Amino acid sequence: MRVVPIPEHRCAASARLKLLARFGLVGIAATILYAALAAAFAKWERIGFTPTQASLAAYVAAALFSYLAHKSVTFVSVGSHQSEAPRFILLAATGLAVAYGAPALLTVKLGLPLIIPVLATCLLVPAINFLVLDRWVFAKRNSNQHGDRSALSEKTSSNGIQPERHQLDGF
């Protein structure tokens, strides 16, 4: 087999795409969990939740799942829960405030159709969440794990040039 050099920027781009894919999968799983729990809590007569209470309880459960999955699967963080959990809660509360405030501002105050704040929330909140989770909430990474964003940039020679990685043909 012949060894083929892989430029460092391709490795970084590939790692970034994998990180985005894991982020998306965790987000989809959390969304499905939220929907299932909200429906179950609303129908479970023993609990006696109103639809709003059922939604809030499901949101909290899905947020807990999201925190644990992003910490261990998406970003593979080695930071402590003591520092990361409050940051995550702040970010989740901010996203919830945007989801509440955008329709109130854009539809009630400005008279725009509901689709505008819903689309804005659906596009902006996940994008901002990804950046904040990556750069602030789960910034401490295990350098030998798949969630590491700093391992590639740390492998720079003394002249500032990043070394090439190599890959076997066909892999």
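Student: Which residues of helix 2 are buried?
Tutor: This is a predicted model, and in it helix 2 spans residues 51–74, with Ala54, Ala58, Ala62, Ser66, Tyr67, Ala69, His70, Lys71 and Thr74 as its buried residues.

Student: Where is valine 76 found, and is it buried or exposed?
Tutor: Valine 76 is found in the loop between helix 2 and helix 3. The relative accessible area of valine 76 is 10%, and because buried means under 20%, valine 76 counts as buried.

Student: On to packing, then: at what angle do helix 2 and helix 3 pack?
Tutor: The angle between helix 2 and helix 3 is about 130 degrees, and their axes are 11 Å apart. That angle makes helix 2 oblique to helix 3, and the crossing of the two is right-handed.

Student: And how do helix 3 and helix 4 cross?
Tutor: Helix 3 and helix 4 cross at roughly 160 degrees, with axes that come within 10 Å. Angles over 145 degrees count as roughly antiparallel, and helix 3 and helix 4 are therefore roughly antiparallel to each other. Helix 3 passes helix 4 in a right-handed crossing.

Student: Changing topic, what volume does the largest pocket have?
Tutor: The largest pocket has a volume of about 860 Å³. Two or more residues of its lining come from each of helix 1 (8–43), helix 2, helix 3 (81–109) and helix 4 (115–137).

Student: Which element gives the most to that lining?
Tutor: Helix 2 gives the most to the lining of the largest pocket, contributing 8 residues. The lining comprises 27 residues, and those that lie nearest the centre of the pocket are Ala30, Thr31, Tyr59, Val125 and Asn129.

Student: What is the lining like by class?
Tutor: By class, the lining of the largest pocket has 17 nonpolar residues and 10 polar ones, with no charged residues.

Student: I was also looking at leucine 33; where does it lie?
Tutor: Leucine 33 lies in helix 1, where its relative accessible area of 28% makes it partly exposed. The C-alpha atom of leucine 33 is 8.6 Å from that of phenylalanine 65, although the two residues are 32 residues apart along the chain.

Student: And where is the place of phenylalanine 49?
Tutor: Phenylalanine 49 sits in the loop between helix 1 and helix 2, and it counts as partly exposed at 29% relative accessibility.

Student: Last one: what pattern does the protein chain follow along the sequence?
Tutor: Read along the sequence, the pattern is β-α-α-α-α-α-β, and the secondary structure comes to 5 helices and 2 strands. Of the 171 residues of the protein chain, 26% count as buried.

Technical notes
Residues numbered from 1 in each chain as written. Predicted model: local features only at pLDDT ≥ 70, side-chain atom pairs only at ≥ 80, totals over all residues. Heavy atoms only, no water. Buried < 20%, exposed > 50% of the residue type's maximum accessible area, 1.4 Å probe, protein only. Helix = DSSP H or I, 4+ residues; strand = E, 2+ residues; numbered from the N terminus. 1 Å grid on protein atoms, 1.4 Å probe; cavity = no way out; pocket = protein on both sides within 12 Å on 5 of 7 lines; lining within 4 Å. Points joined across faces, edges and corners; volume = space filled by probe spheres on them. Nonpolar A, V, L, I, M, F, W, Y, C, P; charged D, E, K, R; others polar. Axes fitted to C-alpha atoms, helices over the stretch in contact; angles between N-to-C directions. Parallel < 35°, antiparallel > 145°, perpendicular 65-115°, else oblique. Left-handed = near helix turned anticlockwise from the far one by under 90°.
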